[in-house]
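Dear colleague,

I am handing over the structure we spoke about, and it is placed directly below. My notes on what was found in it follow.

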2 protein chains.
Amino acid sequence: MVLYIIGLGMGTEDDITLRGLNAVKSCTRVYLEAYTSILCVGKEKLEALYGKEVTLASREMVESESDTILDGAKEGNVAMLVVGDPVCATTHTDMMIRARELDIPVEVIHNASVMGAAGSCGLHLYNFGATVSIPYFTEGWRPYSFWEKTAYNRKGGMHTLALLDIKTKEPDFEALAKGKKVYLPPRFMSVNVALEQMLEAAESKGEEEGNYSKDTMCVGMARLGQKDQCIKVGSIEELLKEDFGEPLHCLVICADDVHELELEAMKHYIVAGSRYA
Amino acid sequence: MVLYIIGLGMGTEDDITLRGLNAVKSCTRVYLEAYTSILCVGKEKLEALYGKEVTLASREMVESESDTILDGAKEGNVAMLVVGDPVCATTHTDMMIRARELDIPVEVIHNASVMGAAGSCGLHLYNFGATVSIPYFTEGWRPYSFWEKTAYNRKGGMHTLALLDIKTKEPDFEALAKGKKVYLPPRFMSVNVALEQMLEAAESKGEEEGNYSKDTMCVGMARLGQKDQCIKVGSIEELLKEDFGEPLHCLVICADDVHELELEAMKHYIVAGSRYA
């Protein structure tokens, strides 16, 4: 009947909309996509609120086995729950296209996402340029591609939202070599690791236009939209010493020209002793 | 006690989150800010859902008389309801700063906004550059400042979301001259008017790098996030002939380089006979 793709927002089970909750209640099967972001409550909380069983959907399931999920959607409604907003990640596009091919109506129910909530720090969202992703560097793989976009944004007077790497369901290659299929514990990149990597990229570029330095104003944010969200403003050097607590973290690298109304709204979050205080 | 600033999302009364609804129910006074966007239901619907009276707050009230709204917030909770997400518009910043000065705790409850829902068309949100606003041109005032940002975005391979002018509570100067204070009916810019104005700006710029033309791919969107939302993809010339229906409208001017996964997801929305079909 209908494939609902429903945003859960960024906090707890109570961040679903009334429209989203009504849709879930009409469904015969409910899936939760939980690999591009994390919910800060267990799926039991969702099940208690919905009065329904919720099935965790892995990346493979969402990206490659959408027919399994869509199977039966002609007879009863199916819900795919997504942390944040469904159209902010791109992982559900395939499923939507597949549903249309099968003549299953798709209804997207929006919610808050990090791309909107990033405005909580006081920077104006319409001044943000392209968003970058910061992957975990390894010894032999240190891609600086986020640097180009960040520098281009800064040259044009735009801020840059950086989304930080999440590693879930990573195979443990040591165990694999011994014939055991084991996954490593999930990892969520901290603001501190991201800033270190971004600084490494900046230092490799030198005097190029749009480059940032350890003195550039940044905003570190953690658990945005949750009751205990943490927002700190300072230079890269200053924020490297700060603790942002539990995941998820994200980061904004400011343009050199921060509007005075933005500064006024950010004042509240500047770290003690900052060069920007 | 607490000043809640609560996003209502983009559709009807059911788009509030459970957390938002619980907060409203705890409040002694509830205001609705309704001049930067429009809700597609009357405030009576909200009042019926909340079981509370809702007071419409004008621009002057929100921006200049925040003390009236905050008055009493030390004794009981106060809610300011905002269409979309509270941090996507910048109009509530003053009120938040003022509340902090008065030692009133502020809690923001996020929701979906046009800046997130713009991804519904299939373009990837992380490829969007700075957002532009298109004001109604008048005979003597035709500012092309949106052109600079759009061209810079396009040069850098980024899409541009254009938010379209809303005129509410405009004084009727003819009536005013006769000593009567009368307001003109509200006006909401259509995709068509916006495209005409954007094309005028482009034609005045000629061959400059990043410029767009009547053949550039655009996305016209209306009533995003509502059940009858309308999304159409085509060249500027093609979309000028399309009807998008009731407000609110918004618009995306694409980068020249649209990713094949974006194209795949947009196919569904391309207008019949388009050069992009």
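Helices H7(B) and H9(B) are roughly perpendicular to each other (a term that covers angles of 65 to 115 degrees, where under 35 is roughly parallel, over 145 roughly antiparallel and the rest oblique). Helix H7 (residues 145-155) of chain B packs against helix H9 (residues 191-205) of chain B at an angle of about 75 degrees, and their axes are 10 Å apart; axes here are lines fitted to C-alpha atoms over the stretch in contact, with angles from 0 to 180 degrees between N-to-C directions. The contact (heavy atoms within 4.5 Å) involves B:Phe146, B:Trp147, B:Glu148 and B:Thr150 on H7(B), and B:Gln197, B:Met198, B:Ala201, B:Ala202 and B:Lys205 on H9(B). By class, five nonpolar, two polar and two charged residues take part in it (Ala, Val, Leu, Ile, Met, Phe, Trp, Tyr, Cys and Pro count as nonpolar, Asp, Glu, Lys and Arg as charged, and the others, Gly among them, as polar).

Please keep in mind that this is a predicted model, in which local features need pLDDT of at least 70 and side-chain atom pairs count only at pLDDT 80 or more, while totals for chains, interfaces and linings use all residues. Residues are numbered from 1 along each chain as its sequence is written, chains are lettered from A and ligands numbered from 1 in the order in which they are written, and side-chain values use heavy atoms, with hydrogens and water left out.

Helix H1 (residues 18-25) of chain B is largely enclosed by the rest of the structure, because six of its eight residues are buried (under 20% relative accessible area, with exposed over 50% and partly exposed in between, for a 1.4 Å probe and protein chains only). Those buried residues are B:Leu18, B:Arg19, B:Gly20, B:Leu21, B:Ala23 and B:Val24. Helices (H or I, at least four residues) and strands (E, at least two) are DSSP runs numbered from the N terminus.

Two loop residues also deserve a mention. A:Ser113 lies between strand S5 (106-109) and helix H6 (114-117) of chain A and, at 7% relative accessibility, counts as buried. Leaving aside residues up to four places away in sequence, A:Ser113 touches A:Met10, A:Gly84, A:Asp85 and A:Cys88. In chain B, B:Thr216 sits in the loop between H9 and strand S10 (217-222), and B:Thr216 is likewise buried, with a relative accessible area of 7%. With the sequence neighbours up to four places away not counted, the residues that B:Thr216 touches include B:Arg154, B:Ile253 and B:Tyr276.

Best regards
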